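User: Could you take a close look at one helix for me and then tell me about the aromatic pairs? I'm new to this, so please spell out the cut-offs.

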Number of protein chains: 2
Amino acid sequence: MIRNLKDLADYLGLSPATVSRALNGYPEVNAKTRHRVLDAAKRLNYRPNLSAQRLATGRADAIGLLFGIADNMLDNPIVTDLLTGIAETAAERGMAIHLFPTKRGEERAACERIVSSGAVDALVLLSPILDRPDTADLAEIDFPVVCHGRPLLGQAVASMSVDNLGAFFKGTAHLTALGHRRIALLNGEEIYSYAVDRREGYVRALAEAGLAPGPDLMAQGPQTFAQGFAAARAMLASGARPTAFLCSSVLMATGAARAIAAAGLRVPGDISLMAHDDVIDALPSEIAAPGLTVLRSSVRLAGRRLADMAIERRQGTPAADLVEVWDVPLIEGRSTGPAPVDAGGDIG
Amino acid sequence: MIRNLKDLADYLGLSPATVSRALNGYPEVNAKTRHRVLDAAKRLNYRPNLSAQRLATGRADAIGLLFGIADNMLDNPIVTDLLTGIAETAAERGMAIHLFPTKRGEERAACERIVSSGAVDALVLLSPILDRPDTADLAEIDFPVVCHGRPLLGQAVASMSVDNLGAFFKGTAHLTALGHRRIALLNGEEIYSYAVDRREGYVRALAEAGLAPGPDLMAQGPQTFAQGFAAARAMLASGARPTAFLCSSVLMATGAARAIAAAGLRVPGDISLMAHDDVIDALPSEIAAPGLTVLRSSVRLAGRRLADMAIERRQGTPAADLVEVWDVPLIEGRSTGPAPVDAGGDIG
C-alpha cells in the first residue's frame with residue numbers, strides 16, 4: 001500500500017527527493033521521470049500529506065492574519081470586509097487564510113510561533129497592532145509582513161492604506177465651501193493612525209478657511225452607532241450647535257442621523273451630513289440617510305490588494321516597493337447642502 | 001547546533017521517537033526522561049518545527065472553516081460574528097483558525113484536500129453549503145465535522161442551531177395576541193433551513209389564530225437593508241397593507257423602518273415591528289428602531305460553542321451526542337403594540 005512519499009519512491013525505484021521534486025514541478029527533474037511519477041501517483045491514488053509536503057517545499061500556500069481578540073477586531077465590520085477581500089484573492093490562488101486570534105500581550109509570542117512554524121507564507125498585520133508602542137516593532141520581524149493602514153510610528157514595512165488626511169481635508173473643505181463654519185468631526189479612536197490622519201486633514205482644511213477647530217466640535221470613539229448618536233446628541237444640545245457633521249464611518253453617521261431626527265432637525269436643510277464609506281455590503285450608506293455624501297474607499301478591494309502584496313512580498317519584492325496609499329474620492333449626494341442662513345457666522 | 005528533533009535526540013543519546021513523545025507529553029515516557037528532554041530543549045532553545053511536529057503528533061491545533069466565496073458568506077455579518085465566537089474559543093485554547101474560501105463547485109475537492117492534508121483537527125461547515133443538494137453529503141465525510149445550523153436534509157452530523165421554527169411561532173403568536181391579522185413576514189432566502197423553519201413557525205402560528213398566510217404578505221430574499229426596504233415599501237403601497245412586520249434580521253427591519261417612515265406611518269402606533277436579532281455588536285437592534293422587540297440569540301455565543309463542539313468531536317464524542325438546538329427568547333420592547341383599531345378585521 002502506498003501511504004507516503006517513501007512508499008511511492010520505493011515503488012518507482014527512485015529516491016524520495018526525486019519523487020518530491022517531480023510532484024512539485026521542480027525543473028531539475030526531466031520530463032520523462034516527472035510523467036512517470038505523476039502517472040503512478042494518480043494511478044495509486046497517492047495523496048501527499050500536506051505537512052510532509054510543506055517540509056519538502058517550504059511553501060505553505062496560506063496567508064496569516066494576526067489580530068487581537070481583546071480589541072474585538074474581528075467583530076468590526078471593516079476588518080471582516082477586509083478579510084472578505086483577502087479571501088477573494090486567496091480563493092483565486094487556491095490558498096488558505098490562517099487566522100491567529102491573539103490575546104492582548106501575547107502578540108509577540110504568537111508572531112514568533114507563526115514565523116517558526118512555517119505554517120504561512122506571509123503575515124498580514126492590522127495597523128492598530130503596529131500603532132501600539134509595545135508591539136510596534138513587530139512590523140520589522142524577519143518575515144514577509146504586510147500592514148493594512150499606515151503604521152503610526154513610520155516603521156519600514158510593506159503597507160497599503162488610504163489617504164485619510166487628504167480625504168478628510170477634502171470633505172471638510174467641501175463643507176466650508178458650502179458656507180459651514182461650525183463643522184463637527186465624529187472621529188474614530190485617535191490612538192490609531194487612520195484617526196490621527198483624519199483629524200489632521202480636518203484641522204488643516206478648517207485653518208485654510210480661516211477657522212479654528214473647537215474642542216466642543218470634535219469627538220472620538222469606537223466607530224459605532226451608539227457613539228455617533230451620543231456624540232451628535234450632545235453637540236446638538238449645546239448652545240452653538242454644528243451645522244454639519246463629518247463622520248468617520250457609515251455606522252457613526254447612522255447614529256448622528258438618529259440624533260438629528262430626534263432633535264427635530266432635517267438633513268440637509270438644517271444639518272449637512274457626510275461620512276467616510278468603506279463600501280461594506282452589509283452597511284450601505286443609505287442606512288444613514290438617503291443619498292449620503294461620502295468619502296468612498298472599498299475596504300474589500302483593499303483586502304484583495306493586500307493579499308496580492310503579501311504574496312509579492314513573499315516572492316522577494318522589497319518592502320519599500322510595496323507601500324501604497326490610495327486616493328479617496330468625494331461622492332456628492334443629497335445629504336450636504338449650503339449652511340442654513342440663520343446659523344450665524346463664525347463663532348470661533 | 002540543535003536545528004531539529006534529530007539533533008536534539010542525538011545530543012541526548014535518545015531516539016527521536018522518545019524525544020518527540022517526551023516533548024508532547026505522552027504518558028509512556030517516564031518522568032525522569034521527560035524532565036531531561038524538556039530541560040535540554042529549553043536550555044538549547046530548541047523550537048519544534050510545526051510541520052514536523054504535526055507529522056509526529058497528528059495534531060494540527062487548528063479548526064477549519066469552509067465557506068463559499070461566491071455566496072459572499074464572509075461578507076455576511078452573521079457569519080463574521082460566528083467567526084468572532086469561534087476565534088474567542090480558539091484564542092483561549094491557543095488554536096488557529098484556517099479559512100478555506102472556496103469557489104462554487106469546488107467544495108468537494110476542497111474538503112478532500114483539507115481532510116488529507118492534516119492541517120486542521122476538525123472542520124466547521126455552514127448549513128447553506130449542506131442545504132444544497134450537490135454538496136449535502138459533505139456532512140458525512142469521515143472526519144470530525146460540525147455544522148452551524150440544522151442541515152436541511154437531515155444529515156447525520158454534529159450541529160448547533162437555534163430553534164427557528166419555535167422562535168417565529170412565538171413571535172407571530174405574540175402579534176396575533178395583540179390583535180394583528182395582517183402580519184407580514186420578511187424572511188431570508190427560503191432555500192436555506194433557517195428560513196424554511198422560520199416560515200413554518202409563522203404559518204403554524206397564523207393557523208392557530210385562524211388566519212391563512214397571504215402570499216402578498218410573505219417576502220424572502222437576502223437579509224439586507226435594501227431587501228427589507230423594498231419588500232416593506234411594496235407591501236405598504238398595496239391596498240390591504242400589513243399592521244405588523246416580522247423580520248428575519250435587524251438589517252431587514254432597518255430597511256422596513258425606513259419604508260414605514262417614508263410612508264408617513266409610525267411605529268408602533270400604525271405598524272408593529274419585530275425582528276430576529278443575532279446580537280451583532282456592529283448592528284445593535286436600536287438601528288432599526290428605539291426599543292425594537294426582538295427574538296434574540298447571539299450568533300457569537302453560538303460560534304464559541306461550535307468551536308468547543310468541533311474539539312469534542314475530534315476527541316471522539318459521537319456526532320449524535322453533539323446536536324444542540326437553542327431556545328430563542330422573545331424580548332418585548334417598544335416597537336410592538338396593539339393592532340390599530342381602524343385596521344379592520346381579517347381580510348384572509
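Analyst: The expected span is 1.5 Å times one less than the number of residues, and helices here are DSSP runs (H or I, at least four residues), numbered from the N terminus. This is a predicted model, where local features need pLDDT of at least 70, side-chain atom pairs count only at pLDDT 80 or more, and totals for chains, interfaces and linings use all residues. Side-chain values use heavy atoms, leaving out hydrogens and water, residues are numbered from 1 along each chain as its sequence is written, and chains are lettered from A and ligands numbered from 1 in the order written.

Back in H8(B), the buried residues include Asn164(B), Phe168(B), His174(B) and Leu175(B); buried means under 20% relative accessible area, with a 1.4 Å probe and protein chains only. Just after H8(B), Gly179(B) has a positive phi of about 95°.

Now the rings. Phe, Tyr and Trp rings (six-membered for Trp) pair if their centres lie within 6.5 Å, and planes under 30 degrees apart count as stacked. That rule gives two aromatic pairs over all chains. Phe225(A) and Phe229(A) are stacked because their ring centres are 6.4 Å apart and their planes sit at 5°. They're four residues apart in helix H10 of chain A (residues 225–237), so about one helical turn separates them. Phe225(A) counts as buried, at 6% relative accessibility. In chain B, Phe225(B) and Phe229(B) are stacked too, with centres 6.4 Å apart and planes at 5°.

Definitions and conventions:
Buried means under 20% relative accessible area, exposed over 50%, partly exposed in between (1.4 Å probe, protein chains only). Helices (H or I, at least four residues) and strands (E, at least two) are DSSP runs, numbered from the N terminus. Rings of Phe, Tyr and Trp (its six-membered ring) pair if their centres lie within 6.5 Å; planes under 30 degrees apart count as stacked, over 60 as edge-to-face and the rest as tilted.
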